[in-house]
Amino acid sequence: MPPKQRRICDFHQRGHCRLGSNCKFLHTNTDEPASPPPTPKPPKTPKSSSFSAANQSPATPQGSRRKPAQPPTTPTTPASQYVADLPRNTCRSFWETGRCDRGLSCKFDHTTRAQSSQPKSISQPTPPPANRFVADLPRNTCRTYWETGKCDRSYDCKFQHTSRSQPSSQPKTTFRAAPLVLGALMEEYLDRYVSGFSDGFALHSFNPGQVHNKLKPFIQDGSEFRTSQEMYHFASILDSVHEFNDEFEYDDGQSFLALVSDPSKEGIHRIQDILLHESVLSEAVNPDDLSFQRAYLPVLGYISSRWVLRSTLRRNINALYGLLHHSFEEVDRVLQSCIGSCMDKNSFSDSSTSVSGLRVFCTVAKCLFEYATHVKGAVSQHPCFADLVTNLVEWSEIWALGVFASPPRFNDPIADWSPESKSTAIDRMKKSIDVLYDVVAKAEGSTLRPAPPRKAEVLEPGSESQILVDKLNMAYDGPGIHHEGGAPRHDNDDEDVTRIQVVPTHGELTSFDDPYLPANIPGARHHLPGDSMERLVDIQFRLLREELMFVLDDLQKPSSVKTQLGTLLEKGGGLYRTQSGSDSVMFSMYTGVKFKNIDCDMRWGLAVEVEFDTPHGHARNPSSAKRAAYWESVGRKRLMQGGLIGLLWIPADTTAYDTKFYIGTITSFGDDLKKSAAASPDTLSLKISFFDSEAEVRILNALHKRRPDEEGIKVLIEAPIMFESIRPFLESLQSPERPPPSIPFARYLSHPDSGTLSDVEIDPPAYATPRFEFKLGCLFDSDQPVNLPLRPNDPLSVQDARDALKAH
């Protein structure tokens with residue numbers, strides 16, 4: 001029996017086999033003749049038997065030759081024969097002949113030898129097959145990243161991320177101090193420093209592959225910092241992920257943010273280690289000391305960078321600022337001591353890093369502002385917050401005067417800048433600190449510094465505007481404690497709109513006092529300053545909320561409610577009409593309300609399923625199809641999902657409970673209402689999510705018959721308004737994340753008492769640095785080119801441009 005033939009080694013054919021002589025496959029060169037295949041055994045001669053003899057074909061006459069069988073039309077390659085140019089995972093039969101008997105059921109690629117020789121245009125690099133050998137691939141390097149510069153596994157990849165075009169030259173086993181950029185802050189990059197975010201001051205620019213490789217030792221399970229140098233190394237990684245790093249894209253920055261903000265991973269713990277370090281100094285001398293400039297400042301800068309604050313995933317931002325919240329006492333201690341010591345020595349640099357006070361104040365102010373607006377109660381929970389901000393204002397003023405002095409009293413990198421550049425940078429810094437100051441003052445409920453005196457504007461006597469303002473001032477009745485008698489109208493009447501519940505309360509609905517609706521007119525009396533953004537937000541919130549309230553204001557009118565309610569109860573529901581001055585309000589009332597059950601909804605929370613009488617008319621058509629068609633046609637106007645609906649509950653024993661009115665929103669879909677209408681002509685059912693937990697408790701008692709007097713009369717009142725469409729705007733006006741002073745163009749949106757913006761000084765655009773200029777020559781229709789620059793920061797240039805445009 002001939003020996004079994006060994007298969008030829010594919011790696012040896014490609015010129016590389018790591019196993020060498022230990023390889024179990026055959027090593028032979030392509031030019032060497034392969035050993036011939038074993039000779040096939042001759043077929044066995046069947047034994048003679050009566051059956052076989054009877055079934056044999058007739059004997060061939062002697063002297064005649066039988067024609068041999070024709071070969072198959074499609075040449076085939078024996079399965080044991082090696083095909084040198086056959087690609088992996090390619091069908092052998094289709095490669096050789098262009099045909100395959102298995103058809104679509106074949107698990108291999110159908111490619112012919114002729115097709116593979118044609119050139120292919122590839123627009124983007126594709127990842128190489130996992131089993132393809134790459135001769136120049138370094139050890140422990142990601143094959144996909146080496147070939148394409150991308151890796152879908154991102155930071156979950158366990159291999160080094162180094163591309164062929166950018167080979168790594170860094171040591172693999174030892175840590176070195178992070179590369180530093182000495183003498184930073186160059187005047188030509190002023191637009192970066194006044195961008196409003198902290199990443200414009202970043203000093204490092206590692207590419208994504210380097211960040212991946214350098215970060216791996218710090219995010220492994222059980223990892224921890226052993227030396228200060230490792231902390232500097234980690235801080236330099238954070239300092240490299242920013243929008244001004246050309247090597248990074250937005251998706252790369254978001255992947256990095258998701259990794260370092262994940263509470264279940266180690267990245268966020270390394271940030272916490274730096275924030276809670278016991279010995280952070282402005283001049284680190286001992287090996288155990290940590291430099292404020294090289295470690296602490298980059299961490300605060302990353303937390304307040306654009307890619308972090310503009311992330312669409314709020315949980316990542318909340319994780320980082322939640323970490324700052326729990327570590328704030330230690331952060332306050334570090335900032336107070338380090339900035340104070342830098343002020344004492346008139347320099348923010350240390351022995352190895354040149355740092356400007358501009359970077360320190362802008363970074364700290366931005367970080368504290370975002371912390372105060374992202375974390376509710378941040379200022380009130382930390383008494384030291386106001387003191388830190390007060391010191392920050394004082395320090396920044398002293399530093400600005402020292403930098404502008406001649407000669408400069410501060411050793412600062414921007415001391416040698418031009419006066420225009422220094423003025424622009426310092427003005428932007430002061431504005432960011434002022435906004436932080438206003439937020440803290442509002443949260444403290446007091447004014448930390450006295451407001452500048454305001455000029456009293458007087459309208460022209462006898463004018464229509466003055467007459468209207470006089471009438472409004474005579475009828476003025478302020479909100480909350482400014483109401484007559486110093487007592488609020490009800491439990492939801494407050495002078496601060498952030499403390500007003502968006503959903504009307506029972507006390508508010510049953511109050512006989514008219515709501516406080518301020519006039520949106522310059523010069524009209526208001527409890528907030530006339531030219532402040534807080535006043536404009538207050539007016540917009542109260543007027544928009546009145547759109548939600550006006551359909552429910554007249555429910556508690558005893559003389560009319562008794563008459564109309566009794567009539568509607570007898571009719572089984574209908575339209576309720578109320579007359580308030582010249583305005584007539586109508587809304588639908590549904591009777592026969594019964595509670596069926598309470599479910600837990602993933603979006604709305606607890607949802608109560610109620611059943612009520614079907615209104616008269618087409619809704620009670622005998623045909624189920626027509627009833628469903630009716631509700632489909634009116635579903636966008638009546639009983640729509642997200643619509644506001646109220647439950648008027650009048651107990652049978654009025655001595656036990658007073659009449660209550662509960663507000664909720666409809667959670668049922670339109671299809672649910674159509675199915676309910678098709679099931680019965682007399683009743684409808686839908687689900688409601690109530691805002692008041694008292695309603696849910698009373699409904700549970702009614703379902704379990706714990707209190708028989710809970711039955712009484714229950715009526716559903718549908719308000720003709722889409723509550724969920726107004727609610728986000730009201731909550732946005734209340735949101736602490738966007739305090740009024742920080743709203744863009746606040747100075748121009750607020751109403752001055754004069755009613756005109758002629759006295760308001762218009763600042764240049766935030767992106768306009770001293771060297772920035774507009775090219776206005778394109779505005780002229782002339783055969784000859786016109787050179788008309790406009791530099792927003794230069795008053796003479798602005799005036800020249802105005803004169804030229806007027807003359808044209």
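Which residues have the most contacts inside the largest nonpolar core, and how many residues does that core have?

Modeller: Before the answer, please note that this is a predicted model, in which local features need pLDDT of at least 70 and side-chain atom pairs count only at pLDDT 80 or more, while totals for chains, interfaces and linings use all residues. Residues are numbered from 1 along each chain as its sequence is written, and side-chain values use heavy atoms, with hydrogens and water left out.

The largest nonpolar core has 94 residues, where a nonpolar core is a set of buried Ala, Val, Leu, Ile, Met, Phe, Trp, Tyr and Cys residues joined through side-chain atoms within 4.5 Å. Buried here means under 20% relative accessible area, with exposed being over 50% and partly exposed in between, for a 1.4 Å probe and protein chains only. The residues with the most contacts inside this core are Phe256, Phe292, Ile339, Phe348, Phe361, Phe385 and Trp399. A second, separate core of 26 residues includes Val593, Val608, Leu647 and Tyr662. As a general background, nonpolar side chains in soluble globular proteins tend to be buried together.

Take Phe348 from that list: leaving aside its neighbours within four places in sequence, Phe348 is in contact (heavy atoms within 4.5 Å) with a set of residues including Ile339, Met343, Val360, Phe361, Trp399 and Phe410. Ring pairs also link Phe348, Phe361, Trp399 and Phe410 into a cluster. Rings of Phe, Tyr and Trp (its six-membered ring) pair if their centres lie within 6.5 Å, and planes under 30 degrees apart count as stacked, over 60 as edge-to-face and the rest as tilted.

A search of the whole structure finds 19 aromatic pairs. In one of them, the ring centres of Phe256 and Tyr302 are 5.7 Å apart and the planes stand at 90 degrees, so this pair is edge-to-face. The pair links distant parts of the chain, with Phe256 in helix H9 (residues 250–260) and Tyr302 in helix H11 (residues 292–303), 46 residues apart. Helices (H or I, at least four residues) are DSSP runs, numbered from the N terminus. Both Phe256 and Tyr302 are buried.

Finally, consider Ala386, which lies in helix H17 (residues 384–404) and counts as buried because its relative accessible area is 7%. Leaving aside neighbours within four places in sequence, Ala386 is in contact with Val440 and Glu444. Ala386 and Ala441 are 55 residues apart in sequence, and 7.9 Å apart in space, C-alpha to C-alpha.

Key: Helices (H or I, at least four residues) and strands (E, at least two) are DSSP runs, numbered from the N terminus.
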